[in-house]
Amino acid sequence: MRHFPIFLALSNRAVVLSGGGDAALAKLRLLLKTEAALHVYAPDPAPEIIAWDAEGRLSLHRRPMEACDLIGAALVYAADEDDAQDARTKRLAHGAGVLLNVVDNLEDSQFITPAIVDRDPVTVAIGTEGAAPVLARAIKAHLEEHLPAGTGTLARIGQGFRKMAEKLPFGRARRDFWQDYYFNAGPRALPQGEAAVQESLDTLLDDHLTRKERAGFVAFVGSGPGDPDLLTLKARRKLDEADVVLYDRLAPKAILELARREAIMIDVGKIGFGPSTPQEHINALLVEHAQNGSQIVRLKGGDPTLFARLDEEIDALTDHGIGYEIVPGLTAASAAAAAIGQSLTKRGRNQQVRLLTAHDTDGFADHDWRTLAAPGQIAAIYMGKRAARFIQGRLLMHSAAPDTPVTVVSNASRADQHVLETSLATLSADLDRCPDGPALILYGLAPRDALPTVQHLRKQEVS
């Protein structure tokens, strides 16, 4: 991030602009929305600038800008559309220590003006570091289409009610009140006018003041295989509402950033054969925060009902009378199958698919290898990289065909997704080519020949 987004207080502060043509007009139309004291320096200004000066909306000076004009200024814009004049404005701005924007010149600018969606006092700023103005405008159009025109009215009325809302306890109770206002009571009342909105706030506050404090609650949320776009809408909503998030090591940063900025984030990751958070400690954390009244998201990779020690955590909650719900997520087996363009089940090939873990509490997990070794069997094996030699040996020992296709998908659905095509006979040896990261072994499946947009190593390339 080259440019840090901030909202700068400009009320009654001087903003200086050099230029009087089209570039100046474009910037002034935006700056006139602020409460800044605008000063424009242009020997030959456009008629619109002359009119704005006559209306008292800005101060027009029909001469070039000088160093003394920048004393006390908050910002300066170089908008002369002339390299020599813009370079002169740059020198003056640097000499005065005032932040400078040179229109259409990212390299010489110390700040940039984003595309803005204006629902005053709600403002959404969109920036692309100057790389894609067309994209910024497209995002702006999308937001303007979906952000109701009354959003600003609701925010303005709500702002005047903030002192009254302080009757509610700070934290969850107050957030619940405002969420109820902005997404339920406020929008319902707005068509009847501002007086109806104000009345709805009074009624809503009385209702929330008499409500019982919400009990602590845990949502077990599946974060999916890692691609934030595969997160369910309900999972996103739970993350946005959470006071506390306990997350596993597989949770990617892009998903964690969907949580509220004020939420307490606790890493309770486990690493196979490495440092891990004891399960008893995780259980204790869930109980402790829930008993304090927190709304908790226990974020688990993939789906929380698959190989995620969910029952142990639920038992800890039920032992203490704490409520919970389970929010399913897309499991890695589905993402891995999608990555290789295959179906986990197919008519005439297999009527069932096995989801197996390579490890249990005693080490490598044992399974019905004889049945799995039969022709046409399909299995998705979780946490199987370290156990690959064990799995390979058990299957070959039970007469599985050495040329049975096996595909290993690492980081399924993520930008660094990697597909390794091999066979049962060479599985453990070929895993040397498998990159770091979570991997799922698809036993009995090979990638389709035409595989778009994935890194794909065929077995002849790794043999």
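Two strands are said to pair if DSSP finds at least two bridges between them. With that in mind, consider strand E1, residues 14–18, and strand E4, residues 75–78: these two run parallel and are joined by 4 bridges. Within this pair, serine 18 stands opposite alanine 78 of E4.

Good morning. The average pLDDT over the chain is 91, and 96% of the residues score at least 70. Which element has the lowest mean pLDDT, and which the highest? The lowest, 48, belongs to helix H17, residues 459–462, and the highest, 98, to strand E2, residues 37–41. Where pLDDT is low, the predicted coordinates should not be read in detail.

Let us return to the pair E1 and E4 and place it in its sheet. The sheet is open, has 5 strands in the order E3-E2-E1-E4-E5, and shows parallel pairing. Which strands stand at the edges? They are E3, residues 59–61, and E5, residues 99–102; each has a single partner strand, so one side of each is left without a neighbour in the sheet. From one strand to the next, the twist averages 20°. Helix H1, residues 22–31, packs on this sheet and touches E1, E2, E4 and E5. The direction of H1 makes about 165° with that of E1.

Helix H1 also has a helical partner. It packs with helix H2, residues 47–54, at an angle of about 35°, and the two axes are 10 Å apart. On the H1 side the contact is made by Ala24, Leu25, Leu28 and Arg29, and on the H2 side by Glu48, Ile49 and Trp52. By class, this contact has 5 nonpolar residues, no polar ones and 2 charged ones.

I now turn to a second open sheet. Its 5 strands follow the order E10-E9-E11-E8-E12, with parallel pairing. Here the edges are taken by E10, residues 264–267, and E12, residues 323–327; since each has a single partner strand, one side of each is left without a neighbour in the sheet. Direction ignored, neighbouring strands of this sheet are turned by 20° against each other on average. How many bridges join E8 to E12? There are 5, and E8, residues 217–222, runs parallel to E12. Alanine 219 stands opposite glutamate 325 in E12. Helix H9, residues 233–241, lies across E8, E9, E11 and E12, and runs at about 140° to E12.

Two further helix pairs deserve attention. Helix H5, residues 151–160, packs with helix H7, residues 172–189, at an angle of about 130°, their axes being 11 Å apart. That angle makes H5 oblique to H7, and the crossing is right-handed. Leu154, Ala155, Ile157 and Gly158 of H5 meet Trp178, Tyr181, Tyr182, Gly186 and Pro187 of H7. Of the residues in this contact, 7 are nonpolar, 2 are polar and none is charged.

The other pair consists of helix H11, residues 279–291, and helix H12, residues 310–319. They pack at an angle of about 40°, with axes 9 Å apart. Why is H11 called oblique to H12? The angle of about 40° is the reason, because angles under 35 degrees count as roughly parallel and those from 65 to 115 as roughly perpendicular. This crossing, too, is right-handed. H11 contributes Gln279, Ile282, Asn283, Leu286 and Val287 to the contact, while H12 contributes Glu312, Glu313, Ala316 and Leu317. These residues divide into 5 nonpolar, 2 polar and 2 charged.

Finally, I wish to mention two details of the backbone. Most residues other than glycine have a negative phi, and most peptide bonds are trans. Where does the chain contain a cis peptide bond? One lies between aspartate 120 and proline 121, with omega near 10°. Proline 121 is placed in the loop between strand E6, residues 115–119, and strand E7, residues 122–126. The other detail concerns serine 399, which has a positive phi of about 75° although it is not a glycine. Serine 399 is found in the loop between helix H15, residues 388–397, and strand E17, residues 405–410.

Thank you for your attention.

Note on methods
Residues are numbered from 1 along each chain as its sequence is written. This is a predicted model: local features need pLDDT of at least 70, side-chain atom pairs count only at pLDDT 80 or more; totals for chains, interfaces and linings use all residues. Side-chain values use heavy atoms; hydrogens and water are left out. pLDDT is the predictor's confidence in each residue, from 0 to 100. Axes are lines fitted to C-alpha atoms, for helices over the stretch in contact, and angles run from 0 to 180 degrees between N-to-C directions. Angles under 35 degrees count as roughly parallel, over 145 as roughly antiparallel, 65 to 115 as roughly perpendicular and the rest as oblique. A crossing is left-handed if the near helix is turned anticlockwise from the far one by less than a right angle, and right-handed if clockwise. Contact means heavy atoms within 4.5 Å. Ala, Val, Leu, Ile, Met, Phe, Trp, Tyr, Cys and Pro count as nonpolar, Asp, Glu, Lys and Arg as charged, and the others, Gly among them, as polar.
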